[in-house]
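Student: I would like to learn how to read a protein model, one feature at a time. Could you walk me through this one?

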Amino acid sequence: MFEDESGVSLLPSVRATWAPRGHTPVLRHRFGWKRLSLAGALAFEPDGSDAHLVFQLRPGAYNDETLIEFLSELNDFEQRRVVLIWDGLPSHRSGRLRECVASQRHWLSVEPLPGYAPELNPIEQVWGNLKSTELANLCSDTLDEVAGVAEDGLDRIGSDASLCFAFGRPFGCQTTGL
């Protein structure tokens, strides 16, 4: 599993779009700075038979306490041994999180990515896909609306094994029989 966190706010993810000639598209929004954080784990079966996405959304930012909650939910969902690959976020290296991981060795093994290397984590492509599709140019007044749209997009991605495999192909994740 490849894990990462990302964030969105009430500010729209501005993307190119179409409009009639001479009518420049205009995004109207309130410049809201409220933030919604996303944590996700892109899972590939060892035999290449399946791939899926496990995710969580929460207002504010992730820290070691909320990441421990995410890992607990991940264990409840997966109910099997997991090798988790993630970046060097300071929360990932905190003493509290390291203690938690050490106490979960019966199901969890953690491997760090090399220093700043987002191109090595396929879940970065999940965030890009979400922000360029469902969240593209979204002008919302509430975090609840952004959360609903983001959840729908992450459900779309997570339920499409071939799309999950496409994100993982540059990293050696292959399909067999899908």
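Student: Is Gln79 buried or exposed?

Tutor: The general idea is a cut-off on relative accessible area: buried means under 20%, exposed over 50%, and partly exposed in between, using a 1.4 Å probe and protein chains only. Gln79 has 67% relative accessibility, so Gln79 counts as exposed. Before we go on, please note that this is a predicted model, where local features need pLDDT of at least 70, side-chain atom pairs count only at pLDDT 80 or more, and totals for chains, interfaces and linings use all residues. Residues are numbered from 1 along each chain as its sequence is written, and side-chain values use heavy atoms, with hydrogens and water left out.

Student: Where is Gln79 placed?

Tutor: Here we need elements: helices (H or I, at least four residues) and strands (E, at least two) are DSSP runs, numbered from the N terminus. Gln79 sits in the loop between helix 1 and strand 4, which covers 82-86.

Student: How do I describe the chain as a whole?

Tutor: Start with the elements: there are five helices and five strands. Their pattern along the sequence is β-β-β-α-β-α-β-α-α-α. Then look at burial, where 43% of the 178 residues are buried. Among contacts with a separation of 6 or more, 71% join residues 24 or more positions apart. For the surface, areas come from the Shrake-Rupley method with a 1.4 Å probe, and for residues only the protein chains shown count as cover. The chain exposes about 9800 Å², with carbon and sulfur atoms supplying 52% of it.

Student: How many residues does the largest nonpolar core have?

Tutor: A nonpolar core is a set of buried Ala, Val, Leu, Ile, Met, Phe, Trp, Tyr and Cys residues joined through side-chain atoms within 4.5 Å. The largest one here has 25 residues, and those with the most contacts inside it include Leu36, Leu53, Val126 and Ile157. Two or more residues each come from strand 1 (2-9), strand 2 (35-44), strand 3 (51-59), helix 3 (123-132), helix 4 (143-158) and helix 5 (161-168). Helix 4 gives the most, with six residues. Another core, of 17 residues, lies apart from it and includes Met1, Leu71, Leu84 and Val101.

Student: Which residues is Leu53 in contact with?

Tutor: Beyond its neighbours within four places in sequence, Leu53 has contacts that include Ala41, Leu42, Ile123, Leu154 and Cys164.

Student: How are helix 4 and helix 5 arranged?

Tutor: We compare axes, which are lines fitted to C-alpha atoms, for helices over the stretch in contact, with angles from 0 to 180 degrees between N-to-C directions. Under 35 degrees counts as roughly parallel, over 145 as roughly antiparallel, 65 to 115 as roughly perpendicular, and the rest as oblique. The axes of helix 4 and helix 5 come within 6 Å and cross at roughly 85°, so the two helices are roughly perpendicular. Arg156, Ile157 and Gly158 of helix 4 meet Leu163, Cys164 and Phe167 of helix 5.

Student: How many residues of helix 5 are buried?

Tutor: Six of its eight residues are buried, so helix 5 is mostly covered. Those buried residues pack against strand 2, strand 3, helix 3 and helix 4.

Student: How many disulfides are there?

Tutor: A disulfide is a pair of cysteine sulfur atoms within 2.5 Å. By that rule, the count is zero. Cys164 is buried at 0% relative accessible area, and Cys100 is buried at 15%.

Methods
Contact = heavy atoms within 4.5 Å.
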